[in-house]
Amino acid sequence: MGSTGRETDRRVGRRALLVGGLGAAAGAAALARSELAHVWWRLPGNEKPREEGAVDFAGARWAAASPANYRRADRPDDYPIDRVVVHVVQGSYAVALKVFRDPAHGASAHYVVGKQGEVAQTVRELDVAFHAGNRDYNERSIGIEHEGWVDVPASFTDAMYRSSARLTAGICARYGIPVDRKHIIGHAEVPGADHTDPGRYWDWGHYLRLVRAASPA
C-alpha cells in the first residue's frame with residue numbers, strides 16, 4: 001500500500017507548560033500563534049460548509065475513508081497546498097478502498113485511480129490524509145493512489161494515466177501548483193519515505209505531458 005502513517009494532533013497547552021524561562025516563553029507564544037492559525041476554523045461558525053458525499057473532482061465517486069485515517073482541516077486556509085504525491089497501491093482498486101475504510105489501517109489518500117480510469121475520492125481536499133509518512137508533506141499535499149504493482153509495467157494503463165492526469169491538472173489549477181517534477185512527486189521522493197512507489201515503470205515524462213495537456217488554458 002502506497003499510503004502510510006497515522007498522525008497525532010499537536011497540543012499547544014501541554015507544550016507551553018513544559019518550557020521555562022523568558023526565551024522559552026517567547027518561543028511558546030510564537031508556537032501558540034502558529035498553532036492557532038491552524039485551528040481557528042474549529043471555532044463555531046468558522047468551518048467551511050461540508051456536504052455529505054460531495055467530491056472535489058467532478059469525475060470521482062465518493063468512497064469515504066474512516067475518520068481515523070485522516071485529520072480534519074481547512075486547507076488551503078490553514079495549510080497551503082503545493083504538492084501532489086503519486087502512490088501505487090500494491091494491490092487492486094477495491095483493496096485500496098477497503099483498507100481506507102478500516103480504522104485500524106491508519107492511512108488513506110485523497111483519491112484512488114483504477115486501471116480502467118475510474119476515480120474514487122476518499123478524503124476531502126480540505127482535510128489532511130495520512131498518505132506520505134511525513135507530517136509536513138501530508139499537510140501540504142494531495143495524495144493519489146493508483147491501482148497496481150510497482151514491478152508490473154502493465155499496471156499502468158493508458159486509461160489510468162489519462163484519468164489521473166485530468167485529476168492532477170484540476171488540483172494544480174485549484175491551488176496554483178506548477179506542473180513539474182518538483183511539485184508532482186512520487187511517494188519515494190518524500191523525505192524520510194521508506195516506500196519505492198510509483199517505481200521505475202511509472203512514465204513521468206508521459207504523465208506530465210498529459211497533465212499539461214489537460215490543464216485549463
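Colleague: Which residues of strand 3 point one way, and which point the other way?
Modeller: This is a predicted model, in which local features need pLDDT of at least 70 and side-chain atom pairs count only at pLDDT 80 or more, whereas totals for chains, interfaces and linings use all residues. Residues are numbered from 1 along each chain as its sequence is written, and side-chain values use heavy atoms, with hydrogens and water left out. In a regular strand the side chains alternate between the two faces of the sheet. In strand 3 (residues 83–86) all are buried (under 20% relative accessible area, with exposed meaning over 50% and partly exposed in between, for a 1.4 Å probe and protein chains only), and one way point R83 and V85, the other way V84 and V86.

Colleague: Which residue of strand 7 stands opposite V85, and which residue of strand 8 does so?
Modeller: Two strands pair if DSSP finds at least two bridges between them. Strand 3 runs parallel to strand 7 (residues 141–146), joined by four bridges, and pairs with strand 8 (residues 184–186) over three bridges, again in the parallel sense. Opposite V85 there stands, in strand 7, G143, and in strand 8, I185.

Colleague: What pattern does the protein follow along the sequence?
Modeller: Helices (H or I, at least four residues) and strands (E, at least two) are DSSP runs, numbered from the N terminus. The protein has six helices and eight strands. Read along the sequence, their pattern is α-α-β-β-β-α-β-β-β-α-β-α-β-α.

Colleague: How many residues apart are D127 and R50, whose side chains meet in a salt bridge?
Modeller: Side chains of opposite charge can pair when their charged atoms come close. A salt bridge is a side-chain nitrogen of Lys or Arg within 4 Å of a carboxyl oxygen of Asp or Glu, and D127 and R50 form one at 2.8 Å, N to O. The pair links distant parts of the chain, with D127 in the loop between strand 5 (119–121) and strand 6 (128–129) and R50 in the loop between helix 2 (21–39) and strand 1 (61–62), and their separation is 77 residues.

Colleague: Where does D56, the salt-bridge partner of R124, lie?
Modeller: The side chains of R124 and D56 meet at 3.2 Å, N to O, and the two residues are 68 residues apart, with R124 in the loop between strand 5 and strand 6. R124 counts as buried at 15% relative accessibility, whereas D56, at 22%, is partly exposed. D56 lies in the loop between helix 2 and strand 1.

Colleague: What is the relative accessibility of E125?
Modeller: E125 meets R174 in a salt bridge of 2.8 Å, N to O, which links the loop between strand 5 and strand 6, where E125 lies, to R174 in helix 5 (residues 158–175), 49 residues apart. R174 is partly exposed, with a relative accessible area of 39%. E125 counts as buried because its relative accessibility is 1%.

Colleague: Which residues do salt bridges that share partners join into one network?
Modeller: The structure holds ten salt bridges. Those that share partners join into one network D82, R83, D136 and R140.

Colleague: How far apart in space are I142 and I81, C-alpha to C-alpha?
Modeller: I142 lies in strand 7 and is buried, with a relative accessible area of 0%. I142 and I81 are 61 residues apart in sequence, and in space their C-alpha to C-alpha distance is 7.5 Å.
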